[in-house]
Amino acid sequence: SMAEGAGSGPRLAELLAAGRRLWEEVETGAEPSSGAPAVQDKVRQGLDALRQAAAMVAQLDLFSENEELEEIASADLKYLLLPALLGALTLKQVDLSKRLEHLESARAHFWRFLKLCRSYGLGSFRLPPASPPGEEDAGTPSPGGPAATQPNLVAMASSRQAKIERYKQKKELENRLASMKTSVESGQADEDQIREFYILQIQKWINTSLEEIESIDQEMVILRNRGTAKQSSAPPHGTSRQVRTPMKPFILTRDAAQAKVFGAGYPGLPTMTVDDWYEQRRRQGVVSGQSAPQRAPGITDEELQKQQQEKKEEEDDEEALQKARNWDDWKDTHPRGYGNRQNVG
C-alpha cells in the first residue's frame, strides 16, 4: 500500500486510530455534559491527531479525484474517513461565541468527505450545495416574499420517506459492521473482508454526513436570524449562557378543545395548550423538567390551581408573620422618633 510504503504508514495509522478512539469516547462517553473539561480535552486531542493525519494524507497524495476505487489499497480505504471524523469532532466543541465558525468548518469537512466519496462512486446520493443555503444572499429578502418560503408538502413527505429509509439502512449497516469488526481487528479477515468492512464504514459515514449537513444548515439559519452571526452580540468569551429564542405571541389555552375554539376566533395568533407550551420551553432549556407543576393522577386543572393558590397563601402568611416579628424586634430596640434628628424640639 502506498501509505505503508511511504514510511509514515505506522505513524499515520496511529494518528487515525487515536483520533477515532477519542471521537468514540466523546460520542459514547459517560460524562453527562459535553462541556466538561475532560471531554473538551479529548475533543482537542482528537482534532489534533486527525488534522496531522489529514496533512499526511494530503502530502502523500493518497486520493485523487480522477482515480478508480479499485486503485485504492484496501488498507488505505480507512483514510477516506478522515474528513468525516474531523467534521464530527468539530461539532463537539462547545464555545458558544464561536458556534457559527464551528458549524461552517464542520460542514466543509463533511462536504469534502461526500465529494471524495462521489468521485470514487461510493454511495448513491445527491451532493448537497457546497455552501449553506442563504450564504450568498444572507442580506436579501427571498423573492416572492413569505409565500416562497412556505414548506413544500410533497418535498417534506418524500424527505421523511428518505429519512426512514436512511434510518433502516443505518441499522443494517451497523449490524453488519458489528459482526465483522472482531475478525478485521484481530487480523483474521482476508483482503476482501477488510475491503468490504471499510466500504461499509464509509457508507455509514455518508449517511451521517448527509444528516449532519442538514441539521447544520438548519442551525445556521436560526443563528443568523438571531443575529448571533454578528460576533459582537455573541456572549463574551467563556460564558456558556444558552441563547434563548424569543417567544412569539400566542394564546395559552387549557387544552386542545379550547385551542380549537380560540383558534377559530383569532386567526392571526397561534394557540397552544399549556402542555405544548411547557414542552416547547423545556426543549429550549428554559423550563427544567421539574418546573411543570407536578400533579397526582386524576387531579383536574381547577384542583391543581386551588392547591397552588393555597400553597402560595401559606407562603405569603409565613412571610407576613416574619415581617411583623422583625418589626416588633426593631421597635423594641429603637425608641419612637429614632432617626428623626431634624425636628429636635
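Tutor: What follows is a set of questions on labels and the values behind them, for a model that is predicted.

Student: What makes the contact between lysine 115 and glutamate 65 a salt bridge?

Tutor: The rule asks for a side-chain nitrogen of Lys or Arg within 4 Å of a carboxyl oxygen of Asp or Glu. The side chains of lysine 115 and glutamate 65 come to 3.4 Å, N to O, so the pair meets the rule. Lysine 115 belongs to helix α5 (residues 99-119) and glutamate 65 to the loop between α3 and α4, so the bridge ties together parts that are 50 residues apart in sequence.

Student: Why are lysine 115 and glutamate 65 called partly exposed?

Tutor: Partly exposed is the class between buried, under 20%, and exposed, over 50%. Lysine 115 has 31% relative accessibility and glutamate 65 has a relative accessible area of 47%, so both fall in that class.

Student: How many salt bridges does the rule give?

Tutor: The count is 16. Among them is the pair of glutamate 174 and lysine 171, at 3.2 Å, N to O. These two are three residues apart in helix α7 (residues 153-185), which puts about one helical turn between them. Glutamate 174, at 27% relative accessibility, is partly exposed, and so is lysine 171, at 38%.

Student: How do you know that glutamate 185 and lysine 181 form a salt bridge?

Tutor: Their closest N and O atoms are 3.3 Å apart, and the limit is 4 Å, so the pair counts. Both are in helix α7, four residues apart, again with about one helical turn between them. The relative accessible area of glutamate 185 is 56%, over the 50% limit, so glutamate 185 is called exposed. Lysine 181, at 38%, is partly exposed. Elsewhere, salt bridges with shared partners join Arg21, Glu25 and Lys42 into one network.

Student: What makes glutamate 67 a buried charge without a salt bridge?

Tutor: Glutamate 67 is buried, and the nearest side chain of opposite charge, arginine 195, is 9.2 Å away. A salt bridge needs a distance within 4 Å, so arginine 195 does not qualify as a partner.

Student: Which side chain makes a polar contact with the side chain of glutamate 67?

Tutor: That of tyrosine 120, at 2.4 Å. The limit for a polar contact is 3.5 Å, so this distance falls within the cut-off. Glutamate 67 sits in the loop between α3 (37-60) and α4 (82-90). Beyond its neighbours within four places in sequence, glutamate 67 is in contact with Leu62, Ile72, Ser119 and Tyr120.

Student: Why is the phi of aspartate 61 worth a remark?

Tutor: Most residues other than glycine have a negative phi. Aspartate 61 is not a glycine, yet its phi is positive, at about 55°.

Student: How do you know that the span of α7 is close to the expected one?

Tutor: α7 has 33 residues, for which 48 Å is expected at 1.5 Å a residue, and from first C-alpha to last it reaches 46 Å. α7 also bends by about 30° at serine 179. The buried residues of α7 are Arg166, Leu173, Leu177, Met180 and Val184, and they pack against α8 (191-226). For α3, with 24 residues, the span is 35 Å, close to the expected 34 Å.

Student: What makes α4 mostly covered?

Tutor: Nine of the nine residues of α4 are buried. They include Leu82, Pro83 and Thr90. In α3, the buried residues include Val39, Gln40 and Leu60.

Student: Why is alanine 73 called partly exposed?

Tutor: Its relative accessible area is 26%, and buried would require a value under 20%, so alanine 73 is in the middle class. Alanine 73 is in the loop between α3 and α4. The C-alpha atoms of alanine 73 and glutamate 191 are 9.7 Å apart, although 118 residues separate the two in sequence.

Conventions. Residues numbered from 1 in each chain as written. Predicted model: local features only at pLDDT ≥ 70, side-chain atom pairs only at ≥ 80, totals over all residues. Heavy atoms only, no water. Buried < 20%, exposed > 50% of the residue type's maximum accessible area, 1.4 Å probe, protein only. Lys, Arg positive; Asp, Glu negative; His and termini not counted. Polar contact = N/O pair within 3.5 Å; in protein donor to acceptor, adjacent residues only side chain to side chain. Contact = heavy atoms within 4.5 Å. Expected span 1.5 Å × (residues − 1). Bend = angle between axes of the 7 residues up to and from the residue.
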